[in-house]
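Subject: Structure handover

Dear colleague,

Here is the structure you will be taking over. My notes on what was found follow below it.

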Amino acid sequence: MIVMSRQRDESIMIGDDVEIIIVDVRGDKVRLGITAPKSIPVHRREIYDAIQREKAEKKQPENQPQAKKEEEIEDRQNQEIYQLPSEKQ
C-alpha cells in the first residue's frame with residue numbers, strides 16, 4: 001500500500017488513465033473526484049462488496065440453499081442436544 005498526503009485540488013494518477021482528485025476536506029471526510037475510462041468500474045467499497053456477494057450467490061448451485069437449510073436444522077438439533085436441562089424451554 002502506498003500512503004500519500006494530498007491537499008485540496010491536488011491529484012493522484014494511477015497508470016495513465018485514472019486520476020483521483022481531492023475535491024474537498026471537511027473534518028474527517030474527504031471528497032474525491034475520480035476520472036477513469038468507462039471500461040474501469042469505480043465503486044465505493046461497500047457497493048463493490050455487495051456486487052461481489054451478489055455474483056457469488058448467483059454462482060451457487062440450485063441445491064446449495066437446500067443443503068444450507070439442512071445444515072442449519074442439524075445445527076439447531078445439535079444445540080438442543082447439548083443444552084442443560086435448566087436451559088431447555
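Does Val25 count as buried, partly exposed or exposed, and what is its relative accessibility? The model is predicted. In it, Val25 has a relative accessibility of 43%, and because buried means under 20% and exposed over 50%, Val25 counts as partly exposed. This residue lies in strand S2, which covers residues 18-26.

Val25 also belongs to a nonpolar patch on the surface, together with Val30, Leu32, Ile34, Ile40 and Val42. The accessible area of these residues together is about 480 Å². Strand S3, residues 29-35, supplies the largest share of the patch, with 3 residues.

Next comes Asp24, which is also placed in strand S2. Its relative accessibility is 12%, so Asp24 counts as buried, the limit being under 20%. The side chain of Asp24 makes a polar contact of 2.7 Å with the side chain of Arg26. Leaving aside residues up to four places away in sequence, Asp24 touches Arg8, Lys29, Val30 and Arg31. Of these, Val30 is also one of the residues in the nonpolar patch.

The chain has 89 residues, and 6% of them are buried. Its accessible surface is about 8800 Å², with 49% belonging to carbon and sulfur atoms. Among contacts between residues at least 6 apart in sequence, 0% join residues at least 24 apart.

Regards

How values were computed
Residues are numbered from 1 along each chain as its sequence is written. This is a predicted model: local features need pLDDT of at least 70, side-chain atom pairs count only at pLDDT 80 or more; totals for chains, interfaces and linings use all residues. Side-chain values use heavy atoms; hydrogens and water are left out. Patches are made of residues with over 30% relative accessible area and no salt bridge: like charges are joined within 9 Å, nonpolar side chains (Val, Leu, Ile, Met, Phe, Trp, Tyr) within 5 Å. Accessible areas come from the Shrake-Rupley method with a 1.4 Å probe; for residues, only the protein chains shown count as cover. A salt bridge is a side-chain nitrogen of Lys or Arg within 4 Å of a carboxyl oxygen of Asp or Glu. Helices (H or I, at least four residues) and strands (E, at least two) are DSSP runs, numbered from the N terminus. Buried means under 20% relative accessible area, exposed over 50%, partly exposed in between (1.4 Å probe, protein chains only). Contact means heavy atoms within 4.5 Å. A polar contact is a pair of N or O atoms within 3.5 Å; within protein, one must be able to donate a hydrogen and the other to accept it, and residues adjacent in sequence count only if both atoms are side-chain atoms.
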